[in-house]
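Subject: A structure for you to look at

Hello,

Here is the structure I promised to pass on. Please open it next to this message, and I will then go through what turned up.

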Amino acid sequence: MKFVRFCLAVLWALNLVCAACPVVAAGQPPADVVIVQVQPGSSAAASQEYISIYNNTDSDIDVTGWCLRYNGSNTKPGCITSPDPQTLLFLQDHSYTTFASNEFIAAHPGFVAQAHPGFSGGMADSGGSLSLVDSEGNLRDQFTWSAKVS
């Protein structure tokens with residue numbers, strides 16, 4: 001009987017410890033590339049926008065054909081495209097790449113958007129959602145805001 005009580009006490013203690021363990025849903029991709037910075041337009045610069053993503057791993061990741069989608073759009077802000085079908089584009093380990101609107105690029109002549117030559121601005125600073133999807137359409141990360149981003 002003492003052994004049974006001991007086993008139950010161990011199981012109860014393990015349950016308390018694991019209650020605080022992070023849980024990842026089955027089939028959900030790891031957070032290897034994440035959206036780390038979002039600058040929607042503002043009242044002062046309505047279309048000057050940019051988004052940065054970050055490779056959170058120790059390995060280079062092939063991001064050819066990955067796209068950012070604003071509020072479910074398939075066209076904005078854009079995709080990481082290679083110059084030809086044989087070229088793959090990799091995001092180096094622990095590095096960033098940035099998408100920027102044409103208006104942001106024009107207002108900041110020294111800025112070079114690495115991911116896309118530019119997109120037409122139009123993200124609302126009062127709220128929206130950005131999704132990062134890979135070349136097969138799998139959701140890799142998502143960022144949502146409901147108030148002005150400052």
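To begin with a term: a disulfide here is a pair of cysteine sulfur atoms within 2.5 Å. By that rule there is one disulfide. Before I describe that link, a word on the source: this is a predicted model, in which local features need pLDDT of at least 70 and side-chain atom pairs count only at pLDDT 80 or more, while totals for chains, interfaces and linings use all residues. Residues are numbered from 1 along each chain as its sequence is written, and side-chain values use heavy atoms, with hydrogens and water left out.

**The disulfide**

The partners are Cys 67 and Cys 79, whose sulfur atoms are 1.9 Å apart. The link between Cys 67 and Cys 79 is right-handed, with 100 degrees about the S-S bond. Cys 67 belongs to strand β4 (residues 67–70) and Cys 79 to strand β5 (residues 77–79), so the pair ties together parts that are twelve residues apart in sequence. Helices (H or I, at least four residues) and strands (E, at least two) are DSSP runs, numbered from the N terminus. Cys 67 has a relative accessible area of 10% and is therefore buried; buried means under 20% relative accessible area, exposed over 50%, and partly exposed in between (1.4 Å probe, protein chains only).

**The chain as a whole**

The secondary structure comes to two helices and nine strands. Starting at the N terminus, the elements follow the order α-β-β-β-β-β-β-β-α-β-β. The chain has 150 residues, of which 34% count as buried.

How many salt bridges does a search of the whole structure find? The search gives two, where a salt bridge is a side-chain nitrogen of Lys or Arg within 4 Å of a carboxyl oxygen of Asp or Glu. Arg 140 forms a salt bridge with Asp 32, and the closest N and O atoms are 2.5 Å apart. This pair links distant parts of the chain, with Arg 140 in strand β9 and Asp 32 in the loop between α1 (2–18) and β1 (33–39), 108 residues apart. Arg 140 and Asp 32 are both buried.

Arg 140 also meets Asp 134 in a salt bridge, at 3.0 Å from N to O. Together, Asp 32, Asp 134 and Arg 140 are linked in a network of salt bridges.

You will find Asp 134 in the loop between β8 (128–133) and β9 (139–145), and with 9% relative accessibility it counts as buried. Setting aside neighbours within four places in sequence, Asp 134 is in contact with Gly 65, Trp 66 and Arg 140. A polar atom of the Asp 134 side chain also lies 2.9 Å from the backbone nitrogen of Asn 138.

**Aromatic pairs**

Rings of Phe, Tyr and Trp (its six-membered ring) pair if their centres lie within 6.5 Å; planes under 30 degrees apart count as stacked, over 60 as edge-to-face and the rest as tilted. The count by this rule is five aromatic pairs. In one of them, the ring centres of Tyr 50 and Phe 104 are 4.9 Å apart and the planes stand at 55 degrees, so the pair is tilted. Tyr 50 is in strand β2 (residues 50–55) and Phe 104 in helix α2 (residues 102–107), so the pair ties together parts that are 54 residues apart in sequence.

Phe 104 also pairs with Phe 111, this time edge-to-face, at 5.1 Å centre to centre and 85 degrees between the planes. These ring pairs link Tyr 50, Phe 104 and Phe 111 into a cluster. Tyr 50 counts as buried at 18% relative accessibility, and Phe 104 does at 10%, whereas Phe 111 is partly exposed at 25%.

**One backbone detail**

Most residues other than glycine have a negative phi. His 94 is not a glycine, yet its phi is positive, at about 50 degrees. His 94 sits in the loop between β6 (90–91) and β7 (96–100) and is partly exposed, with a relative accessible area of 38%.

Best wishes

Notes
Contact = heavy atoms within 4.5 Å. Polar contact = N/O pair within 3.5 Å; in protein donor to acceptor, adjacent residues only side chain to side chain.
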